[in-house]
Amino acid sequence: MMAADCEAWLNSNPVDAEDLSDSVSSGEEGDRKWSVSSKTVTEVNGGCVASSSIQEARLKAKAKRKLRKNSSRDSGRGDSLSDNGDVLKGSAAAPTSPKSKLMDRKTRLGKGRGLPKKGGAGGKGVWGRSGELYEPVKVDEKDPNFDEDQENCVYETVVPPLEESDFEKTVAPIVQEYFEHGDTNEVAELLSELNLGPMRSEVPSLAVSLALEAKASHRELTSRLLADLCGSVLSHRDMEKSFDKLLVELPDLVLDTPGAPQLVGQFIARAVNDQILSKTYIDGYRGKVDCEYARAALDRAVVLLKMSKGGLRIDGQWSIGGGQRSVTQLIKEVNLLLKEYILSGDLKEAERCLRDLEVPHFHHEFVYEAIVMVLESKGEKMFKMILQLLKSLSVSSIITVDQIRRGYERVYMDIAEINIDVPRAYYLLEQFVEKSFNMEIVGMKLRDKCPRRSRKRLVSEGDGEVVEMERF
């Protein structure tokens with residue numbers, strides 16, 4: 001039966017001579033099985049077949065292998081053999097190749113318009129077609145899972161109230177950071193994010209207690225912070241409760257800050273002036289205070305409020321930090337400090353006042369003004385007092401060596417202009433620098449930089465010839 005099928009296929013597809021020569025000389029494994037001499041006789045189906053029949057069977061096997069190879073390449077074309085051995089073009093029957101149409105996902109029919117899959121809405125990382133708008137999904141009330149109560153729910157982020165044990169750990173860093181940047185809006189935003197609850201009235205008392213141990217500029221920042229927080233974050237009632245707590249805790253605050261009663265009194269006066277506290281707040285304590293520290297604080301507040309009616313500005317009682325003041329104002333305060341020292345002679349008070357200025361980068365101005373004051377003076381008292389002051393400030397490292405050097409060099413640069421108003425300025429400066437070197441206020445290098453006024457040598461009549469001879 002197989003021989004008949006192959007013969008019918010060969011009759012319909014004649015084989016060229018080149019194919020015959022290729023099949024004879026082929027080195028494939030199937031050809032080697034059929035390779036025999038022309039005189040060999042093979043028994044097929046119990047009969048004898050001549051060498052010509054063997055050659056014919058060999059060609060049929062060759063054609064059959066070629067057909068299988070072509071069918072595996074063009075599996076989509078549907079070429080297959082019919083029952084009688086004819087090749088059927090475009091048949092819909094699935095080929096026998098393992099790479100069949102059912103296994104191959106890639107189409108070979110050439111259909112399609114070349115558009116992206118799913119109109120560009122498919123693929124990894126794609127959220128839909130370009131320009132497609134998503135409308136809110138309508139809830140089907142007929143859905144058995146529909147819950148009317150759940151649809152009317154409003155979801156919000158709930159912040160738990162701040163506990164008393166965590167209050168100081170949370171708020172104290174915010175206030176201390178405020179002392180560095182001075183932005184009240186940032187503090188208000190941070191506090192509004194916290195659920196303070198009943199601890200809201202504790203914020204002013206904590207800020208004031210931290211400011212008592214800080215600098216004067218920090219107390220000024222605290223007063224501004226209370227004024228900005230009142231109304232937006234804190235109420236007037238919260239402020240009153242906070243200051244009530246401060247008056248009660250004054251005996252404990254005095255242990256760390258001896259001047260706490262006077263400072264709290266200044267805070268109360270400033271709060272009344274800024275309309276944080278009512279004007280009747282102090283009157284409510286008349287005759288009801290047993291603590292001596294609380295009475296001292298209230299008395300201090302009353303005195304300041306009375307002085308404010310006479311023209312004293314309470315809003316400037318703490319003074320402003322050094323970096324926030326103008327140079328002109330700093331120079332005035334330095335001159336006032338030096339004049340007070342000359343009158344009192346108190347070195348400790350002068351050192352304290354210089355620290356309170358909080359301008360370590362501007363101490364060279366203090367040294368400059370002190371030396372100029374000595375040059376413009378007429379007595380030895382100021383000369384000695386300024387030397388003692390500079391020596392004390394140098395030993396305590398309140399004024400650094402660099403600031404002292406810059407102050408002396410500024411005097412060296414301006415000595416020509418100073419000499420116009422003070423004829424003996426060069427001589428006094430030399431004496432002052434020499435004394436400073438002896439007291440180890442300045443070094444040898446800075447002493448040698450001191451300018452000296454050039455002296456003209458007067459030549460007499462008899463020395464004229466000698467001078468001329470020396471020139472030659």
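## About the model

Residues are numbered from 1 along each chain as its sequence is written, and side-chain values use heavy atoms, without hydrogens and water. Because the model is predicted, local features need pLDDT of at least 70 and side-chain atom pairs count only at pLDDT 80 or more, while totals for chains, interfaces and linings use all residues.

Let's begin with the largest nonpolar core, which has 53 residues. Such a core is a set of buried (under 20% relative accessible area, 1.4 Å probe, protein chains only) Ala, Val, Leu, Ile, Met, Phe, Trp, Tyr and Cys residues joined through side-chain atoms within 4.5 Å. Phe 243, Leu 247 and Ile 268 have the most contacts inside it. Helix 12 (260–273) is one of the helices that each supply at least two residues, and with eight residues helix 12 gives the most.

Leaving aside residues up to four places away in sequence, Phe 243 touches (heavy atoms within 4.5 Å) Leu 226, Phe 267, Ile 268, Ala 271, Leu 277 and Tyr 281. A second, separate core has 48 residues, including Phe 362, Tyr 368, Leu 389 and Cys 450.

## Helices 16 and 17

Now for a pair of helices (DSSP runs of H or I, at least four residues, numbered from the N terminus). The axes (lines fitted to C-alpha atoms over the stretch in contact) of helix 16 (residues 363–376) and helix 17 (residues 380–395) come within 9 Å and cross at roughly 160 degrees. Helix 16 is therefore roughly antiparallel (angle over 145 degrees) to helix 17.

Among the residues making the contact are Phe 366 of helix 16 and Leu 389 of helix 17. The contact residues divide into 11 nonpolar, no polar and no charged, where Ala, Val, Leu, Ile, Met, Phe, Trp, Tyr, Cys and Pro count as nonpolar, Asp, Glu, Lys and Arg as charged, and the others as polar.

Technical notes. Axes fitted to C-alpha atoms, helices over the stretch in contact; angles between N-to-C directions. Parallel < 35°, antiparallel > 145°, perpendicular 65-115°, else oblique. Buried < 20%, exposed > 50% of the residue type's maximum accessible area, 1.4 Å probe, protein only.
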